[in-house]
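Take a look at the fold below. The walk-through starts with the sheet and then turns to the helices.

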Amino acid sequence: MNNYKTKTEYKHTLESAIAAVGAAIADISRVKILCALMDGRAWTATELSIVADISASTTSSHLSKLLSSGLISVISRGKYRYFRLASDDIAKVIENLMSFSTVHVSQAKITTPEHLRKARTCYNHLAGEIAVKI
């Protein structure tokens, strides 16, 4: 029996793997966890639950999905488990996604009336375009 995959089988496997990674990052809580891990440190599940603003049990479920997708790894130290990005390559992918995503984030709408944008005061200091240039 041949152990080599055909080109079609390899392509299907690759496409499935890409889709699995996409599914793993398709949740806002998991994205918050991944973004927190971008600082290079290893975090506990409790710390990550606080950052993602989710319960401990939900965090555990999300961490399992990220672990099974290969995006993060776990380090056990005594009774503690620390989670970190699986590799520098994962960090680069997330960084590229962050860069790409900022292009699609809408800018805050300016609500200051036109006649107040040039020069005005805000509390006890100068504000507006002229004050920014100063």
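**Sheet and helices**

Strand 1 and strand 3 (residues 80-85) run antiparallel and are joined by two bridges. Strands here are DSSP E runs of at least two residues, helices are H or I runs of at least four, and both are numbered from the N terminus. The model is predicted: local features need pLDDT of at least 70, side-chain atom pairs count only at pLDDT 80 or more, and totals for chains, interfaces and linings use all residues. Residues are numbered from 1 along each chain as its sequence is written, and side-chain values use heavy atoms, with hydrogens and water left out.

Tryptophan 43 has phenylalanine 83 of strand 3 as its bridge partner. Three strands make up an open, antiparallel sheet, ordered 1-3-2. Two strands pair if DSSP finds at least two bridges between them. Strand 1 (43-44) and strand 2 (72-77) each have a single partner strand, so one side of each lacks a neighbour in the sheet.

Now the helices. Helix 2 lies across strands 1, 2 and 3, at about 85° to strand 3. Helix 4 lies across strands 2 and 3, at about 115° to strand 2. Axes are lines fitted to C-alpha atoms, for helices over the stretch in contact; angles run from 0 to 180 degrees between N-to-C directions.

How do the two helices meet? The axes of helix 2 (residues 28-37) and helix 4 (residues 56-68) come within 10 Å and cross at roughly 70°. Ser29, Arg30, Ile33 and Leu34 of helix 2 contact His62, Leu63, Lys65 and Leu66 of helix 4 (heavy atoms within 4.5 Å).
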